[in-house]
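Let's take a friendly walk through this structure, one part at a time. Please have the sequence and the 3D view ready.

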Amino acid sequence: MLQIEKLKCGYGKKFHISDISFRVNKGGFTGIIGPNGSGKTTLFRGITGELETEKGRILLDGKDAKILSQKERAQSMAIVTQEIENANITVEDYVLMGRMPYRSTFQFFENKKDFSIANKYLKLTDIYKLKHKFMYQLSGGEKQLAAIARALTQEPKLLLLDEPTSHLDITHQVQVLNLIQRLNTELGLTVLMIIHDLNLAGEYCDHLVLMNDGKIHLSGRPEEVLNYQTIEEVYNTVVITKTNPLSKKPVVFLVSGNVLNQKK
Amino acid sequence: MEEKYKYIRKKYLTWGIFPLLLIFLLFVAFSLSLTIGEIDISVFELPEIIGKKGDSVIYSILNKIRIPRTILGLAVGGGLSLSGVILQGIYRNPLVEPYTLGISGGAALGVALVIVFGLNHMIGNFMLPLAGFIGSLIAIILVYSLSLRNGKIQIQNMLLIGVMISFIVSSAMMFLMSITTAENLHGIVFWTMGSLDEPDMTLIYGTFWASVAGLLISYLFVKPLNAMRLGETKARHLGINTEASIRILFVIASLLTGICVAVAGVIGFVGLIIPHLIRLTVGSDFRVLLISSFLGGGAFLIFSDLLARTVIAPNELPIGVITGIIGGTIFVIVLSRTRMKLN
């Protein structure tokens with residue numbers, strides 16, 4: 001679905017990521033993890049086209065992303081950012097914006113199909129009852145659900161999310177991630193997500209890409225990536241890793257300074 | 001009918017009815033503006049007088065003075081208001097108005113130079129609008145080219161550069177005004193205050209068609225404008241070519257402002273107040289906002305002009321006084337009564 005080959009991109013001389021190669025298979029759920037400043041967001045912006053590809057290439061469904069127009073890109077991948085939307089716009093109008101990549105310059109109004117697709121995803125994300133409210137009236141979690149509904153209304157093949165849960169409490173974190181998981185398993189949507197929280201990453205993703213210093217440090221299944229040696233090396237922090245008894249996924253425990261001193 | 005379609009129908013119905021109401025308002029403004037003046041005409045006689053043509057005094061007053069002036073009011077009011085709503089859209093800043101970016105300053109400086117060097121007496125009065133337009137063009141080109149970094153427009157820089165150019169230009173104006181004669185000073189001040197009193201028919205109809213063209217072209221960018229309500233980045237994510245859209249919209253809005261300023265002088269507040277009032281009434285969707293701002297701005301300026309020339313008749317107040325005092329007051333009252341968010 002998404003294949004990245006030897007990608008190099010960045011902000012001029014200041015910072016760049018290089019030699020990035022990995023692929024996200026159709027129907028996959030991949031997480032990008034790494035410390036602050038490791039290049040996660042740079043990679044994300046490289047994939048979305050915000051940053052120019054300096055070397056290498058990005059293949060979307062086998063096609064070089066460079067030759068795709070902005071509109072074609074928006075039809076095949078939808079993006080949810082961590083930034084929460086506060087615009088003075090109703091939820092329904094906001095979600096309908098997802099149909100923009102399909103409207104021509106001269107089509108001023110949404111047609112029936114646009115409305116039925118928007119309604120379908122408003123229901124799926126469980127915010128149908130809020131659709132006449134304004135975005136700024138919603139809670140943080142609801143806003144993020146609306147952003148996902150808008151992204152789905154683009155009917156993308158690939159859903160890109162940049163820390164969609166970073167401003168949310170755990171109830172809403174789990175609500176949003178469960179929804180993304182459902183979209184992944186039930187609709188077969190391919191998901192690529194930056195996520196800070198290693199435990200959420202291990203629990204939900206089926207593949208992890210660990211970034212460090214503008215390069216990929218390790219890439220593999222969660223249990224391969226989330227081991228204490230790797231995490232201590234990359235994050236420079238002492239941790240303990242165990243397996244969640246129910247889900248059999250890896251869990252990372254932090255060790256506080258006091259405990260660490262006592263043990264020494 | 002299902003609940004969801006009822007709501008949509010209601011929205012689209014509002015979008016249809018609101019501009020119709022404004023057209024009606026514009027019609028009222030037109031009728032009043034044509035009938036009230038030194039010689040009052042009954043509204044019901046209007047069709048007859050216009051239909052009969054001939055060379056009666058009333059017909060020539062209508063044909064040579066009132067009709068052109070009213071059309072210019074529609075063109076300038078509509079043009080400034082449209083330009084304001086577009087600029088507020090691309091900068092995502094509710095305080096931006098057509099004059100923020102130094103366009104009016106450039107025009108005023110051009111006109112001041114012409115007056116100070118007496119070019120309008122030497123060459124002809126057409127030098128004033130010409131210099132105004134050239135002045136605004138120079139300001140536009142300066143703001144535009146100084147905001148380019150690596151071939152890309154830096155939108156926030158652009159605003160700052162525009163404001164700075166505006167300051168520089170107005171200081172230069174003050175310099176010119178301080179060294180020139182009292183007569184020239186009066187000419188400059190008078191021009192700066194703005195007026196719809198323009199004898200040249202070509203300029204009037206030129207301005208009118210430019211405004212209408214601006215409105216039609218801006219509708220080609222209604223999708224980018226709507227998407228940019230979420231910000232530039234998110235608009236790009238929705239498949240919008242924001243770079244190109246911003247460039248073209250900036251050029252449309254600033255050219256339109258340049259033309260309006262060159263012909264009618266600096267008429268403030270229209271580009272700021274009308275878009276906000278319209279937004280408070282029908283919401284921020286550009287599909288209804290563009291046309292409504294245009295119609296509302298036109299009607300507002302025609303009414304203002306009517307007041308400006310009747311309040312202390314036979315003398316005339318500068319139209320900017322009316323747009324400022326009346327428009328500003330209405331705006332503050334409406335704003336303090338509504339609790340809706342501006343953006």
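Helix H1 of chain A, residues 40–48, is mostly covered, with eight of its nine residues buried. Here helices (H or I, at least four residues) and strands (E, at least two) are DSSP runs, numbered from the N terminus. A residue is buried if 20 or more other C-beta atoms lie within 10 Å of its own, exposed if 12 or fewer, and partly exposed in between, with C-beta atoms placed from the backbone. Among the buried residues of H1(A) are A:Leu43, A:Phe44 and A:Ile47. After H1(A) comes A:Gly49, with a positive phi near 95°.

The model is a predicted one: local features need pLDDT of at least 70, side-chain atom pairs count only at pLDDT 80 or more, and totals for chains, interfaces and linings use all residues. Residues are numbered from 1 along each chain as its sequence is written, while chains are lettered from A and ligands numbered from 1 in the order in which they are written.

Now look to where the chains meet. In chain A, 22 residues are in contact with 20 residues of chain B (C-beta atoms, placed from the backbone, within 7 Å). On the side of chain A that touches chain B, H2(A) gives the most, with five residues.

Not counting residues up to four places away in sequence, A:Val95 touches residues including A:Ala118, A:Leu122 and A:Ala146.

Terms used. Two residues are in contact if their C-beta atoms, placed from the backbone, lie within 7 Å.
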